[in-house]
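Biologist: Could you take me through this one label by label? I'd like to hear what rule stands behind each word.

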Amino acid sequence: AVSTITTSRPRAFAAATAHVEVARAQRLAASEQHALARSTVDDTRIMSPIDGVLARRSVEVGESVGPGVSAFAVIGVSRLRVVFGVPAHRVGEMTIGRKLPIYVEGVTADALAGTVTKVQPVADPVMRSFSVEVSIQNGDGALRPGMVASIATIQEGGASVLLIPLEAVVRSTQSRAGAARGFAVWVLVPE
């Protein structure tokens, strides 16, 4: 009976050691499965690399999206830009860093400070004007992309000029003695 006990102990120990090794392997496999599941869950979270507002959502919850598909459009609103056209005879006045007053109707009656950040070197072939970009700080978030702004470009020398809205300018339907057809403004004269 003594020999049976002695020989069964090493076998029992070996079996227990094998069970421990199997349990360790199972634990390692479960840990790897957990890491893979965590990675899959993390891949379902979409994070924007910039602070901003959600401007457009192109996918719905539960929809499968592949690589390269635009799911959302996020717009940074801490600094906005105003783009406008300048005729050739005034483009020389638009220098990088120049300060321009910007007015946004419905936001404030006071002028906001804008800075010229870009002047296109080539005129638009259709409009025959140079595109100028002015940046404006929007720390309080009062301005929103798509709002209409007015910019006052004060002419050097302080000469008084008559300003009219662009909607008042029409294409002339008649040509005058030797003059080419061009643009005109209707003026109402009291009788």
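Modeller: Let's start with a pair of side chains: glutamate 93 and arginine 90 are joined by a polar contact of 3.0 Å.

Biologist: What makes that pair a polar contact?

Modeller: The rule wants N or O atoms within 3.5 Å, and within protein one must be able to donate a hydrogen and the other to accept it; residues adjacent in sequence count only if both atoms are side-chain atoms. The 3.0 Å between glutamate 93 and arginine 90 is within that limit of 3.5 Å, so the label applies. Before we go on: this is a predicted model, where local features need pLDDT of at least 70 and side-chain atom pairs pLDDT 80 or more, while totals for chains, interfaces and linings use all residues. Residues are numbered from 1 along each chain as its sequence is written, and side-chain values use heavy atoms, with hydrogens and water left out.

Biologist: Why are glutamate 93 and arginine 90 also called a salt bridge?

Modeller: A salt bridge needs a side-chain nitrogen of Lys or Arg within 4 Å of a carboxyl oxygen of Asp or Glu. For glutamate 93 and arginine 90 the N to O distance is 3.0 Å, so the pair meets that rule too.

Biologist: Where is glutamate 93 found, and is it buried or exposed?

Modeller: Glutamate 93 is in the loop between β3 and β4 (99-104). Helices (H or I, at least four residues) and strands (E, at least two) are DSSP runs, numbered from the N terminus. Buried means under 20% relative accessible area, exposed over 50%, and partly exposed in between (1.4 Å probe, protein chains only). Glutamate 93 comes out at 17%, so it is buried, and arginine 90, at 14%, is buried as well.

Biologist: How many salt bridges are there by this rule?

Modeller: The count is 4. One of them joins arginine 24 to glutamate 21, with the closest N and O atoms 3.2 Å apart. Both residues sit in helix α1 (residues 2-43), 3 residues apart, about one turn of the helix. Arginine 24 is exposed because its relative accessibility is 53%, whereas glutamate 21, at 43%, is partly exposed. Another bridge pairs arginine 57 with glutamate 60, at 2.7 Å between the closest N and O atoms. Arginine 57, at 46%, is partly exposed, and so is glutamate 60, at 48%.

Biologist: On to the strands. How do you know that β3 and β6 pair?

Modeller: Two strands pair if DSSP finds at least two bridges between them. Here β3 and β6 (residues 130-137) have 8 bridges, running in the antiparallel sense, so they pass. One example is arginine 81, whose bridge partner in β6 is serine 135.

Biologist: What makes asparagine 138 buried?

Modeller: Its relative accessible area is 3%, so asparagine 138 counts as buried. It lies in the loop between β6 and β7 (149-151). Leaving out residues up to four places away in sequence, asparagine 138 touches Val77, Ser78, Arg79, Leu80 and Leu143, a contact being heavy atoms within 4.5 Å. Glycine 139 is in the loop between β6 and β7 and is exposed because its value is 78%.

Biologist: Which residues make the nonpolar surface patch?

Modeller: Leu162, Ile164, Leu166, Val169, Phe183, Val185, Val187 and Val189, over about 870 Å². Patch residues have over 30% relative accessible area and no salt bridge; like charges are joined within 9 Å, nonpolar side chains (Val, Leu, Ile, Met, Phe, Trp, Tyr) within 5 Å. Valine 169, in strand β8 (residues 169-171), has 31%, so it counts as partly exposed.

Definitions and conventions: Areas by Shrake-Rupley, 256 points an atom, 1.4 Å probe, with all protein chains shown as cover.
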